[in-house]
Amino acid sequence: MTDQVTPERARMLISSQEKLCAKCHPKAIQLSHPSGLMPKRMLPPTFPLDWKGELTCSSCHLVHGTQIGLMRSLRRGGDFCRECHDDAFFDKMPDRGASMVSSGHLDARSNQPVIDLDAYSLQCMGCHEDKGGSTTQLLRVGLESSGIMRHMGTSLSHPIGRVYSKSITFGGYRPEHRLPSVVLLPDGKVSCVSCHEGYSKKHGGLTVDNKGSALCLTCHDM
């Protein structure tokens, strides 16, 4: 594959890169660095844009490469992110970008579920779990043995790790096919990423604006 991303070469593909990649990596598209957009900053030539001037999966990944992760750079973690982003970009985040520089995707393959949690929630807890004595600006969470997630310092709590389809049998829940696509249920379970966006301008922003309890009513049929 050449790095020349021209309109002529684009016609050789049967669909957009995001759709093609999503056939094998469906959740990576939703839980990853944004793609399919025109960046506001100039990127290094190492990371080519497509013929429309948009950042795509292959801007970071050499799709026909052989190296681990098919990355276009040998750098990893924060060093890889800083090839395009400066420190000021991460300084604006509550966790100073710790959640993002670890991986361009919420990659849960290395996590082993416990107490029936999905692996994405485990990755979120890697930074947000309340372990006492923390002085960071991150919202801390605590998980009870019953699977109730407590948002520390607030009165908010919600079960995670529950199989949504089983909850429906008790009544008061909307069928899964009626939920908006932004409400993700990894392995069919209620997860941190069911309510929160992993990658957004406001890290951890809600998948649905909760004005008038709209987020709650997305699943709960009151």
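Serine 213 sits in the loop between helix 10 and helix 11. Helices here are DSSP runs of H or I with at least four residues, strands are E runs of at least two, and both are numbered from the N terminus. This is a predicted model, in which local features need pLDDT of at least 70, side-chain atom pairs count only at pLDDT 80 or more, and totals for chains, interfaces and linings use all residues. Residues are numbered from 1 along each chain as its sequence is written, and side-chain values use heavy atoms, with hydrogens and water left out.

Start with the backbone. Most residues other than glycine have a negative phi. Serine 213 has a positive phi of about 60°, although it is not a glycine. Serine 213 counts as partly exposed because its relative accessibility is 36% (buried means under 20% relative accessible area, exposed over 50%, partly exposed in between, with a 1.4 Å probe and protein chains only). Aspartate 187 also is not a glycine and has a positive phi, near 55°. Aspartate 187 lies in the loop between helix 9 (164–168) and helix 10. At 68% relative accessibility, aspartate 187 is exposed.

Threonine 207 is in the loop between helix 10 (192–195) and helix 11 (214–219). Threonine 207 is buried, at 12% relative accessibility. A polar atom of its side chain lies 3.1 Å from the backbone oxygen of serine 194. Neighbours within four places in sequence aside, threonine 207 is in contact (heavy atoms within 4.5 Å) with residues including Val182, Val183, Cys195, His196 and Leu215.

Now the aromatic rings. Rings of Phe, Tyr and Trp (its six-membered ring) pair if their centres lie within 6.5 Å; planes under 30 degrees apart count as stacked, over 60 as edge-to-face and the rest as tilted. By this rule there are three aromatic pairs. In one of them, phenylalanine 47 and phenylalanine 80 have ring centres 5.6 Å apart and planes at 80°, so the pair is edge-to-face. This pair links distant parts of the chain, 33 residues apart. Phenylalanine 47 is in the loop between helix 3 (26–30) and helix 4 (57–60), and phenylalanine 80 is in helix 5 (residues 77–81). Phenylalanine 47 is buried at 3% relative accessibility. Phenylalanine 80 is buried at 15%.

Phenylalanine 89 and phenylalanine 90 also pair edge-to-face, because their ring centres are 5.1 Å apart and their planes stand at 85°. Phenylalanine 89 is partly exposed, with a relative accessible area of 28%, whereas phenylalanine 90 is buried at 2%.

Conventions
A polar contact is a pair of N or O atoms within 3.5 Å; within protein, one must be able to donate a hydrogen and the other to accept it, and residues adjacent in sequence count only if both atoms are side-chain atoms.
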